[in-house]
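Please open the structure in your viewer and keep the selection tool at hand. The tour below goes from whole domains down to a single side chain.

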Amino acid sequence: MATQAHSLSYAGCNFLRQRLVLSTLSGRPVKIRRIRARDDNPGLRDFEASFIRLLDKITNGSRIEINQTGTTLYYQPGLLYGGSVEHDCSVLRSIGYYLEALLCLAPFMKHPLKIVLRGVTNDQVDPSVDVLKATALPLLKQFGIDGESFELKILRRGMPPGGGGEVLFSCPVRKVLKPVQLTDPGKIKRIRGMAYSVRVSPQMANRIVDSARSILNKFIPDIYIYTDHMKGVNSGKSPGFGLSLVAETTNGTFLSAELASNPQGQGAAVLPEDLGRNCAKLLLEEIYRGGCVDSTNQSLVLLLMTLGQQDVSKVLLGPLSPYTIEFLRHLKSFFQVMFKIETKPCGEELKGGDKVLMTCVGIGFSNLSKTLK
C-alpha cells in the first residue's frame with residue numbers, strides 16, 4: 001500500500017473521509033488517484049470538495065493539490081488548529097457527513113473547536129444530527145472527553161433538497177484519551193425519540209409518534225418520543241418530516257435508528273404512519289444486532305481506542321459493517337494497529353445476533369498541539 005515510508009497511495013473515491021481523517025491524525029500525507037476517472041462527470045463531487053475545504057479551515061499548514069479534472073488529490077496534513085469556524089456544507093449530503101469526521105478530530109485540536117455548520121440536518125443517507133447527539137456524544141464521554149463546552153445544538157432544521165439548517169458543535173480538547181472496557185451492553189431500559197416536521201402540518205409528527213409507539217409499547221413501557229415542529233426561518237427551505245429513535249441500556253449504551261421522508265419532488269410520498277412503524281422496526285433490528293456501540297459509531301469507537309493510552313481497550317460490537325471493516329484496514333495502514341477480533345456466538349446470556357469482541361492496545365497518541373495552560 002505505502003509507496004514510500006511515509007506517504008500512502010490509494011485509488012478510487014471510496015472512503016475518502018476515512019483516509020483524510022486518518023491522514024490528518026497520523027500526519028502522513030496521502031495521495032488518491034483515479035477518483036471517478038471513468039465517470040461521465042469525473043473527479044471530486046461538490047460535497048467532497050466542501051469536506052476538503054472544511055479540513056483546510058480547521059487545520060493550519062495543510063497542503064492540498066488537486067489536478068484539473070479533480071481525479072487526483074494529494075493531501076499533506078497540517079496541525080489541527082480548531083478555534084471558531086463557520087462552514088457551509090454541500091446540500092448533496094447532510095451535516096452528519098461532516099460531523100462524523102469532526103467528532104474524530106475535535107478532541108485533538110490546539111484550541112477548543114466551536115463550529116457552526118449550515119446545510120441539510122436530516123437526510124436519508126448520513127446519520128442525522130439528532131442521532132449523533134444522542135449516541136456519539138455519550139460515547140466520547142466514555143473516553144474522558146467532557147466539559148461544559150461539549151455540546152451539539154440544532155439551531156435550525158434543514159431538509160433536502162434545499163437545506164437551510166444550522167448546527168452548533170463545540171468540543172473541548174484533551175491531551176490523552178482514557179482506555180475503555182465496553183464489554184457488557186446491559187439490558188434496554190428506555191427508549192427516547194424525536195419526531196420532527198418542518199414546513200408540513202405539525203400533526204405529521206404526532207402521527208409518526210402514535211405509529212412508532214404501537215410497535216414499541218409491546219416491549220417496554222418507558223417510551224417517550226418528543227415532537228419538534230420548527231416554524232418560520234428555523235424550518236429551513238424544504239418540507240419534510242422524520243423520526244430518530246434511541247434505546248438506552250442499563251449500562252449507558254445507546255443504540256439508534258432513524259428514517260426521513262423522501263425529499264420534495266423525489267420518489268413517492270411517504271405516509272407518516274409507515275415511516276413511524278418502519279423506524280421502530282429498524283430500532284428493533286439494531287437492538288437485535290446489539291453490542292455496546294451501534295453500527296453508525298463503530299468506526300468512531302475503534303479510532304478512539306486506537307488513539308488511547310498504551311493500555312488495553314475492549315469493546316463488544318454487533319456484526320461489523322463493511323464501512324467498519326475497511327476502516328480497520330486503514331487503521332492498520334496509517335497507525336500499524338491490529339485488533340484482536342473474537343466472535344461471540346449468541347449463547348444463552350447474549351441475546352440477539354452474533355457479537356464481535358474487539359481488543360487493541362492504544363498507540364499512546366498525545367495531543368502535542370494542545371496549549372499548556
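How far apart do the C-alpha centres of domain 1 and domain 3 lie? They lie 21 Å apart, and you can see this by colouring the protein by its three parts, domain 1 (4-178), domain 2 (188-289) and domain 3 (293-365), whose bounds come from an automatic or database domain assignment. The contact between domain 1 and domain 3 takes 27 residues from domain 1 and 22 residues from domain 3, where contact means heavy atoms within 4.5 Å.

Before going on, note that this is a predicted model, in which local features need pLDDT of at least 70 and side-chain atom pairs count only at pLDDT 80 or more, while totals for chains, interfaces and linings use all residues. Residues are numbered from 1 along each chain as its sequence is written, and side-chain values use heavy atoms, with hydrogens and water left out.

Next, select Leu25, Phe169, Val301, Leu302 and Val315, which have the most contacts inside the largest nonpolar core, a set of 80 residues. A nonpolar core is a set of buried Ala, Val, Leu, Ile, Met, Phe, Trp, Tyr and Cys residues joined through side-chain atoms within 4.5 Å, and buried means under 20% relative accessible area, with exposed over 50% and partly exposed in between (1.4 Å probe, protein chains only). Helix 3 (residues 95-105) gives the most to this core, with nine residues, and the core draws at least three residues from each of domain 1 (4-178) and domain 3 (293-365). Apart from this core lies another, of 21 residues, among them Ala195, Ala205, Ala212 and Ile220.

Finally, select Ser235, in the loop between strand 13 (223-230) and strand 14 (240-249). Is Ser235 buried or exposed? Ser235 counts as buried because its relative accessibility is 2%. Its side chain makes a polar contact with the side chain of Arg199 (3.3 Å); such a contact is a pair of N or O atoms within 3.5 Å, and within protein one must be able to donate a hydrogen and the other to accept it, while residues adjacent in sequence count only if both atoms are side-chain atoms.

Notes
Helices (H or I, at least four residues) and strands (E, at least two) are DSSP runs, numbered from the N terminus.
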